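Here is a short report on a protein model.

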Amino acid sequence: MTQQTSGLIHGLYAEGDPIQDTKAPAGPIADRWNTRKFESALVNPANRRKLSVIIVGTGLAGGAAAATLGEAGYHVKSFCYQDSPRRAHSIAAQGGINAAKNYKEDGDSTFRLFYDTVKGGDYRSRESNVYRLAEVSANIIDQCVAQGVPFAREYGGLLDNRSFGGVQVSRTFYARGQTGQQLLIGAYQALERQVAAGTVEMYSRHEMLEVIVADGRARGIIARDLVTGEVETHLADVVVLATGGYGNVFFLSTNAMGSNVTATWRAHRKGAYFGNPCYTQIHPTCIPVAGEHQSKLTLMSESLRNDGRIWVPKRAEDCDKDPREIPEEDRDYYLERIYPSFGNLVPRDIASRAAKYVCDEGRGVGPKVGDFRRGVYLDFTDALRRMSKEAVAEKYGNLLDMYQRITGENPYEVPMRIYPAVHYTMGGLWVDYDLQSSIPGLFVAGEANFSDHGANRLGASALMQGLADGYFVLPNTIRDYLAKGPFEKLDDSHEAVVEAKASVDARIAKLLEINGDRTVDSFHRELGNIMWEYCGMERTEEGLLKAIDLIRALRDEFWRNVRVLGAADTLNQSLERAGRVADFLELGELMCIDALHRRESCGGHFRAESQTEDGEALRHDDEFAYVAAWEWGGDNGGAPILHKEDLVYEFVEMKQRSYK
Amino acid sequence: MTGMNLTLKIWRQAGPRAKGEMVTYPVTDISPDMSFLEMLDVLNEQLTARGEEPIAFDSDCREGICGMCGLMISGKAHGPEVTTTCQLHMRSFSDGDEITVEPWRADAFPVIKDLVVDREAFDRIIQAGGFISANTGAAPEAHSVPVPKPKADRSFMAAACIGCGACVAACPNASGMLFLGAKITHLGELPQGQPERDARVVAMVNQHDHEGFGGCTNIGECSLACPKEIPQDVINQLNLDLRRALTHGH
C-alpha cells in the first residue's frame with residue numbers, strides 16, 4: 001500500500017507548495033492562546049461601529065459569533081437560509097457538550113480533554129487548535145448558564161455530567177436529549193438581543209451564492225433573497241462562513257434537508273483551500289432506510305449500545321423471519337464475537353464497518369431496498385429481562401418512542417433495526433490558528449472548517465467546537481484583522497463585485513433554461529448512491545477511480561438535462577436545490593480524489609488496502625501525517641492542487657489504537 | 001401492507017398577494033412507512049415530471065426539532081398525531097382518505113407561497129425581551145449559582161418549545177400566548193432570569209399584541225396541538241408574571 005504508483009495518481013491532481021499555520025505562537029501549549037490574544041491588535045470602541053462583519057449561518061458558531069461581535073459594537077450582518085436563525089441544524093444535536101470542568105473530580109483536565117480529542121481524531125488534527133478548544137470549553141458552560149440554558153442538574157442544584165463517547169471521565173453537560181436545541185436557543189436569544197439593539201441586521205431566508213474577493217481580500221457576498229428572488233450585494237470589511245458540514249453530498253444523511261456546501265464551495269472556487277474533504281463520520285446507530293422514498297436519516301443516540309445487543313442471523317435464509325423466532329444458537333452477536341473486550345461498545349467507525357460487512361454477506365435484516373437488506377438488530381430483550389421495562393423506559397424512553405414513531409414497530413417487543421448513516425464531516429475549509437482561510441478576510445467557523453477533529457470527531461465535541469469558535473475564538477482573531485482596517489471603500493461598481501453578481505445571475509438563468517428531463521432530486525439521489533458506495537464506510541483505489549468517472553458523467557448530464565421549473569423572481573425551492581446539487585457534484589469529485597490520494601486508513605477514512613491483520617485501520621504516519629489542503633484547479637477543469645500542512649506532535653505521542 | 005391511494009386537496013397560492021385556491025391531486029401507491037413530507041416529495045417529483053410547478057412547503061431537520069415544518073392537515077395543526085408534520089407518517093391514514101393540506105392560518109403569519117408562511121413575528125417577540133442580557137465573557141463560574149432541580153426541570157420543559165407556530169394555527173383566536181408563556185416560564189424559573197423578569201413580560205406581551213396575534217380565552221387547543229406537549233399552565237404563569245410586573249409599576 002505504501003509504495004506510491006506515482007505522486008500524482010492518474011493525473012487527477014497536482015502537488016503545490018506546502019503550507020503552514022503562521023498564527024499560533026510557539027512555546028508551551030498552555031500559553032499559546034493567551035499569547036495570541038495579547039499580541040492581537042485592539043480596536044477602539046468608538047471605531048467598531050464603522051467596521052462591518054458579514055456572518056453566514058446562524059448555528060452555534062455563526063449565531064454565537066454574530067451575538068458576540070454585535071455586543072462588542074461592530075456592525076454585523078447575519079444570514080441564514082431558514083425562516084429564522086433558530087432553525088440552524090445545530091439544533092438537532094442530541095447528546096451533549098464536553099467541557100473540562102472536572103466537576104466530578106475524576107481526573108479530568110484541559111490537557112486530558114486535549115489529549116482525548118487528538119487521539120480520537122487519530123492524530124490528524126493540529127495540536128495548537130485542539131488545546132485552545134479544550135481551554136475555552138469551561139468558559140462555554142459558564143456563558144451558557146448565564147444565558148439561561150437549562151442544563152440537567154442534580155438535586156443539590158449543581159450541574160450534572162455524564163460520560164460520553166467512550167471516554168473514562170464524566171465531562172459531558174447535557175439537557176436531556178436536546179442539548180443542541182438548548183444551546184442554539186441560547187445563542188439565538190443572544191443574537192436577537194443584538195438585533196433589537198441595532199448592532200446586528202438579520203437576513204433570514206437568504207442564501208449566499210458567491211463570495212466577493214476584491215484586491216486579495218474577502219469583502220462581501222452575493223446572496224439571493226429566497227422570497228423575492230432578488231440577487232443582492234452585501235459588502236463588509238470581513239466575511240465569516242459558519243455554514244455547517246457537507247454530509248448531504250451523500251443525499252441521505254442525518255443533516256437537515258437544506259444543509260449544503262454552497263457557501264464554502266463557492267469560497268473554495270475563489271481561492272479558499274479545502275482541508276481533508278474525505279474525512280466523514282458515519283454514525284452506527286441510525287434508523288435504516290425504509291424505501292426509495294426516503295428523504296433523510298435519523299440518528300438515535302449511541303447510548304443505546306450500552307444496553308442493547310447487536311446481532312444478525314447466522315444464515316442468510318433466516319433474514320426475513322420474525323427475529324423473535326430465531327433461536328439464540330442461530331444468532332450472530334458479531335461485535336461481541338469479534339471484539340470480546342469492547343463488544344457492542346467499539347468505536348463508531350468499527351461498529352459501522354462491521355454492520356456493512358454482515359449486510360454485504362447477505363445477512364442484513366429489514367426490508368429490501370434495491371437488492372440488499374441494510375439493517376442489523378439492536379436488541380433490548382436481555383436488558384428488559386435484566387432491568388424491567390420501567391427502568392429501560394426511564395433511561396431510553398424518548399429514543400424508543402422516536403423509533404416507534406418512525407418505523408411503526410414497538411421496540412419493547414421487537415428488536416430494533418439500525419444501520420450506519422453519514423453524520424458529520426470533519427473536513428472543511430482550511431483555516432489557520434486564527435480561523436482565517438487562505439483568502440485574507442475570510443474566516444470559517446464550526447463544522448464548516450476542518451480545524452479541530454482530525455480524521456474523526458469524538459461525541460459531544462461538535463457543540464463544543466461551534467461555541468468555542470463563535471463565542472471565544474473568532475471575536476478575538478477577527479479583531480486583530482479588523483484593526484488593520486478600515487479597508488479601502490468598495491462599491492457595487494468595483495470589478496470584483498460586478499463579476500461576482502454577473503456570475504450568480506448567469507448561473508441562475510442557466511439552471512432555469514436547461515429544462516431537461518430529470519428532476520434535481522434524481523441527480524442528488526444518484527450522486528448520493530455513488531458516494532455511499534465508493535466513498536463511504538470503506539474505500540478502495542479501484543472504487544474511487546470508478547466513482548470519479550461516474551460523478552463526472554453525472555455532472556455533465558446535470559448541466560444538460562436537469563429540469564428546474566418556476567421563475568427566478570419568486571420563492572423557488574427547486575432552483576435553490578439545483579444550485580446546491582450542482583456544487584455537491586463538484587465537491588464529490590474532490591472528496592474522491594482526496595480519499596484516493598490518502599493511501600492509508602485513519603479515523604473515518606478507511607482504505608481497504610490499508611488495514612492490520614485484524615481488519616483495523618492502519619495509519620502511515622511516515623507519509624500521511626499532514627493536512628491535505630486542496631486548491632481549486634480552475635474553472636476550465638484543471639486538476640486540483642494539493643498543499644500539505646505537516647502535522648507536528650510536540651505534546652502527544654502518536655499511537656496505533658486497538659480495541660480487541 | 002400495500003400502497004395507499006389518497007386524494008389530496010392542497011392550498012396553492014402563487015405569491016403573498018395572489019389569490020389562492022384548493023387544488024385536488026390524487027396520489028397512488030403511497031407506502032405507510034413514508035413520512036407525510038416524503039409523500040409530498042413524491043407528489044412534487046410527479047408534478048415536475050408533468051411540467052407543473054411543485055408545491056412549496058417548509059421543512060428542514062425532518063426529525064421534529066427545528067420547528068420549520070408545519071401544515072394544517074385536514075383541519076389539524078401538524079395532523080392527527082401529537083407530533084411535527086415531518087414526524088407524521090402515512091400509516092396514520094387509510095386507503096381512500098381525502099386529506100386537505102393548508103398553510104398555518106393567522107394574520108400574524110402571512111402566506112408567502114403555497115404552504116409557506118412568514119413567522120418572523122415570533123423572532124420579533126423574542127427581540128422584545130426573550131433573552132437574558134449576559135454579554136460573552138461576563139459570565140460568572142457556572143456553579144456559583146445553584147438552581148433547584150424542580151425549577152431547572154420546569155424551565156427545561158418550557159424551553160423545549162420549537163417555535164413552529166402550531167399553537168397559533170390551532171387557536172381560534174390565533175393567539176401566540178403558549179409560545180410567549182413558554183419563553184416567560186423558561187427564563188422566569190431561573191435565577192439568572194430574575195433581573196429582567198418584569199420588563200421582559202411587559203415588552204413581550206406588547207410586541208405579541210402589536211404583531212396581530214389574538215388574546216387567550218382559555219380554549220386549550222394550543223396545548224393539544226403542541227408537538228412538544230407544552231402545558232397550558234405556562235399561560236397562567238404568563239398572566240401571573242404580567243400582573244406582578246404591572247403591580248411593580250411597569
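## Cysteines

A residue counts as buried when its relative accessible area is under 20%. The model is a predicted one. B:Cys161 has a relative accessible area of 14%, so B:Cys161 is buried. B:Cys226 is at 9% relative accessibility, so B:Cys226 is buried too.

How many disulfides does a search of the whole structure find? The search finds zero, over all chains. B:Cys161 is in no disulfide. Its nearest cysteine sulfur belongs to B:Cys167 and is 6.6 Å away. B:Cys226 is also in no disulfide. For B:Cys226 the nearest cysteine sulfur is that of B:Cys164, 6.5 Å away. A disulfide needs two cysteine sulfur atoms within 2.5 Å.

## Chain A overall

Chain A has 17 helices and 24 strands. Buried residues make up 66% of its 660 residues. Along the principal axes, the C-alpha trace of chain A spans about 75 × 65 × 50 Å.

What radius of gyration would a compact globule of 660 residues have? The value would be near 26 Å; chain A has 24 Å, which agrees.

## Second largest pocket

This pocket holds about 750 Å³ of space. Its lining has 30 residues. A:Val289, A:Val369, A:Arg374, A:Asn529 and A:Trp532 lie nearest the centre.

Three elements of chain A give two or more residues to the pocket lining: helix 9 (348–363), strand 18 (416–425) and helix 14 (520–534). Helix 14 of chain A gives the most, with five residues. By type, the pocket lining divides into 17 nonpolar, six polar and seven charged residues.

## Second largest cavity

The structure holds 12 cavities of 30 Å³ or more.

Helix 16 of chain A gives the most, with seven residues. The cavity lining divides into 12 nonpolar, 16 polar and 13 charged residues.

Definitions and conventions
Residues numbered from 1 in each chain as written. Chains lettered and ligands numbered in written order. Predicted model: local features only at pLDDT ≥ 70, side-chain atom pairs only at ≥ 80, totals over all residues. Heavy atoms only, no water. Buried < 20%, exposed > 50% of the residue type's maximum accessible area, 1.4 Å probe, protein only. 1 Å grid on protein atoms, 1.4 Å probe; cavity = no way out; pocket = protein on both sides within 12 Å on 5 of 7 lines; lining within 4 Å. Points joined across faces, edges and corners; volume = space filled by probe spheres on them. Helix = DSSP H or I, 4+ residues; strand = E, 2+ residues; numbered from the N terminus. Nonpolar A, V, L, I, M, F, W, Y, C, P; charged D, E, K, R; others polar. Rg over C-alpha atoms; globule rule 2.2 N^0.38 Å.
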